[in-house]
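Thank you all for coming.

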2 protein chains.
Amino acid sequence: MASTHYPELKALLREAALMNSVSSLLDWDQETYMPHAAAPMRSDQKSLVATLAHERRTSPRLGELLAHCESDKSLTKADSESAANLREIRRDYDLATKLPKELVAEMAKVGSQAQEAWKVARAASDFKAFLPWLTKMFDLSRKKAECYGAPAGGELYDALLNEYEPGITAKEIDAIFTPLRKDLTDLVARVAASKTKVSTKCLELRIDPTQQHAFGQAVLAAMGFDLNAGRLDTTAHPFCSGLAAGDTRLTTRYRDEKFTDALYGTMHEGGHGLYEQGLPKMDGEKDAGLFGQPLADAVSLGIHESQSRMWENFVGRSKPFWKWALPKAQKTLSPKLKKFEVKDLFAAVNTVKPSLIRVEADEGTYNMHVMIRFELERAMLQGDLAPKDLPEAWNARYKDYLGIDVPDDRRGCLQDVHWSFGLVGYFPTYTLGNLYAAQLWEKINADLPDLSKDMGKGKFIDLREWLGTNIHRHGRRYRASELCQRATGKPLSPTHLLQHLETKAAVVYGL
Amino acid sequence: MASTHYPELKALLREAALMNSVSSLLDWDQETYMPHAAAPMRSDQKSLVATLAHERRTSPRLGELLAHCESDKSLTKADSESAANLREIRRDYDLATKLPKELVAEMAKVGSQAQEAWKVARAASDFKAFLPWLTKMFDLSRKKAECYGAPAGGELYDALLNEYEPGITAKEIDAIFTPLRKDLTDLVARVAASKTKVSTKCLELRIDPTQQHAFGQAVLAAMGFDLNAGRLDTTAHPFCSGLAAGDTRLTTRYRDEKFTDALYGTMHEGGHGLYEQGLPKMDGEKDAGLFGQPLADAVSLGIHESQSRMWENFVGRSKPFWKWALPKAQKTLSPKLKKFEVKDLFAAVNTVKPSLIRVEADEGTYNMHVMIRFELERAMLQGDLAPKDLPEAWNARYKDYLGIDVPDDRRGCLQDVHWSFGLVGYFPTYTLGNLYAAQLWEKINADLPDLSKDMGKGKFIDLREWLGTNIHRHGRRYRASELCQRATGKPLSPTHLLQHLETKAAVVYGL
């Protein structure tokens, strides 16, 4: 007779995941439609639901069941689904139970105060006002890392990385980022020295948000995002919430000018959304599906970001995409677009120009912003950089890597919200996403020789199926590095992204 | 030292109410924005949250705390807030714990099947197909009533009434409904015999839903509904969800023609919404407020409905309202409305004509539909009418009271969803609402002699404040009958509603 431990374990996880999905709905609603005056009560609702979810994720019963299953040989055969599932359940359980309750509560409380202090300090460009909070949050993050413990031969920072990008180490990231940074610094300098001036006139048209929304939905539908199992709304900050099986919600924001902002926001979140829809949360045959089990979850933030950046940059900023999309845009967005050709759009959305703000950076310079943050947070966590010296270190790197002067801390080290609520070890996943995307893209084009031609006709089905087969359906069965090796036949390397950016710059700037 | 039992009891209730509010958000989202494919998972989310809420409402600890408080003399002084609160907490606890779990589960399961069967049967106008389900649901309702137990000297039906309209009995309702029915039958007959033909041309214009929505929001704002603490959306069936403090959500539906459908839907739900916003859920001084305590809940469905019907019919279908609203409608809805005068709108929205479908009935005949259902469900519960004989009894009453022939069961006894999921004892609250509204309206106009003049200028603040002071702020402190007595100085009587309808018919039909 088969043991009932594994089914019971899965049922418990499913209940925890259901609570999480309710929590995600509370978040989504707060960002989209919740009346303003509901905010105080919403925080009570969220904290109650979070507590109930946490109780389930950390329950002693879960620990017992997990231990039983781990000693059951029928479940732990090498390369079996159950073995992978149990490995990841163990990881989650340890992450959830290794931190003392008091530390979790303190991080939540101080983080929420620090975030408010950050808002005020950023608006006033007043680093000194934020410094005590930054110091506290790094102290708490260090405590958290110590509770998790550094991996053998690794450093404390690795313990934090592990939350977002399981298995990777700071050393490995460094080995990829350092050569990439040098090559990108060189590329950016060559672009700056180029005499080619790129016109962005084609992006300076006023376009009604309602039409932009309809256009965005049409692009999502072409990408294969199932709008019957998801939706697109408007929020201050775009996001994707894969909140449950059959329920993936995207948001974007519209400006009257520069319609590509909302379009690329939509394609970016759409890429995340396709990943969420491709995860085996729902079993076609059975109602239950794998929802709640690691096998139905995304493997890492880096891989998640590879999916969004692929659709945003490798598809959306390509010539074939505009070959298909421009006539549609001319028809439904603005007849004024008829003055422009595919090459105009391609050049305008691929300008490379060093700038101060990460979230507004172009594809060519974006990773420099990320690498600067990685270097600085790693040094601060290890105690090699004192928080008080952050502005100086920040500004020196912007000068060094991007050749620009930071005029004030508002546009410098106070620009990101992450550190204020203790997100340390998160930034590098943005660039890992770009690297994975580039490496996957090369392999995809080798496997699908007609892809460019297809994209020019708005046909993305082969691309989506490739991603579904090689990435989405695996969930967390393989760690990100193994998934990369299996999908591309090679370990992660910076050469593919560099090649991609060099090729674009060559076309746009005639380098 | 003050006992900690009462604070602990209130904290437990607050947690249960928070879970209920999450449940309401899941419902609201399902009706408004949820992607279609999310339905299976939504039912899992709802069932988990419902279980958690139920556990809190029925927890033995709640019972212990309640018993402690009930024996604490400092909490049970006559006329004190705490005494009223404890009285209602006891009522809720008994209602929640008196039913065996198995019966609750069976009613939920059979009810959900019966509702599906009802949909099919109604579409096919096939009463025989629905009969077994109707029989089952009445059997289960009878069991439920037996678990609650009939009050001393009362009948089983009273135990069900008590869920929706605490304290009232079938006998009391009968004593009000029977004379009203006779007088209304007479009024309807006189209208039918009148030679006046009322034109409804002014309602037959095509008006864009977007403009209707903006108009509805402007009316809500004038009514004093706080759109910063609520919203208006579109659903298949309009509703109001007072889901939490600062969070009251209304919905309506738009047709291209007959813009007054959506308008009155909006004003109706807006009346419910003003009640919800007027309940003392949030304390201006303290964060917590009374949210979760009976003192912050609506007293009964009848009183709730009195608020919605007052704004819909007594305000919205009045001449002063149209004096204010027509120029606005002419400007923002359609210039074609300029052909019409206030008296045209007043007459068109106050036609009286017997019809088959309750939810489409006019103000004059609506209560007849309700009374028929009350008589029939009371008889079926008591065993005086066999479910198989329902169509015959139904059709006989429609002929008798409204003078019309029912052509088929689809437009007859199969038209309402209520019985299919065991809502027995609910229907009379619709008419109780109209009766309360009429009686309150008379007193309000006596207290506020300028009300008609004010309404003609779109000034509703005195009305809203009267309702806030006399109804909303009391929550469940007084039972509905006592609230009526306190607010109007008289027990509930049918004369006020009859007078109101007679007066309107006199103007519109020259009776």
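Predicted model: local features only at pLDDT ≥ 70, side-chain atom pairs only at ≥ 80, totals over all residues.

Please find A:Ser125, which sits in the loop between helix 5 (101-124) and helix 6 (127-148) of chain A, where helices (H or I, at least four residues) and strands (E, at least two) are DSSP runs numbered from the N terminus. Residues are numbered from 1 along each chain as its sequence is written, while chains are lettered from A and ligands numbered from 1 in the order in which they are written.

Back to our serine, then. The phi of A:Ser125 is near 50°, which is a positive value in a residue other than glycine. Most residues other than glycine have a negative phi. Is A:Ser125 buried, exposed or partly exposed? A:Ser125 counts as partly exposed, because it has 14 C-beta neighbours inside 10 Å; a residue is called buried if 20 or more other C-beta atoms lie within 10 Å of its own, exposed if 12 or fewer, and partly exposed in between, with the C-beta atoms placed from the backbone. In chain B, B:Ser125 is likewise found in the loop between helix 5 and helix 6 (127-148), and B:Ser125 has a positive phi of about 50° although it is not a glycine.

B:Pro100, in the loop between helix 4 (81-98) and helix 5 (101-124) of chain B, counts as exposed, with 12 C-beta neighbours inside 10 Å. A:Leu432, by contrast, is found in helix 16 (residues 428-447) of chain A and counts as buried, with 29 C-beta neighbours inside 10 Å. If we do not count residues up to four places away in sequence, A:Leu432 touches A:Glu165, A:Gly302 and A:Glu305, where contact means that the C-beta atoms of two residues, placed from the backbone, lie within 7 Å.

Let us now step back to chain A as a whole. Chain A has 20 helices and three strands, and buried residues make up 46% of its 511 residues. Its C-alpha atoms fill a box of roughly 70 × 55 × 50 Å, taken along the principal axes. A compact globule with 511 residues would have a radius of gyration near 24 Å, and chain A, with 23 Å, agrees with that; the radius is taken over C-alpha atoms, and the globule rule is 2.2 Å times the number of residues to the power 0.38. Among the contacts in chain A with a separation of 6 or more, residues 24 or more positions apart account for 70%.

The domain assignment of chain A gives domain 1 (5-98) and domain 2 (201-354 + 429-490), with bounds that come from an automatic or database domain assignment. Between these two domains, 18 residues of domain 1 of chain A are in contact with 14 residues of domain 2 of chain A. Which helix gives the most to the side of domain 1 of chain A that touches domain 2 of chain A? Helix 1 of chain A does, with twelve residues.

Finally, we come to the pair of chains. Chain B can be laid on chain A with an RMSD of 0.0 Å by a turn of 180° and a shift of 0.0 Å along the axis, the superposition being by least squares on the C-alpha atoms of residues with pLDDT of at least 70 in both. The two copies are thus related as by a two-fold rotation axis.

The contact between them takes 28 residues from chain B and 29 residues from chain A. On the side of chain B that touches chain A, helix 1 (5-32), helix 2 (39-57) and strand 1 (230-234) of chain B each supply at least two residues. Because 100% of the interface residues of chain B are also interface residues in chain A, the copies meet through the same surface. For one example, B:Val22 is in contact with A:Val22, A:Gln45, A:Val49 and B:Val49, leaving aside its neighbours within four places in sequence.
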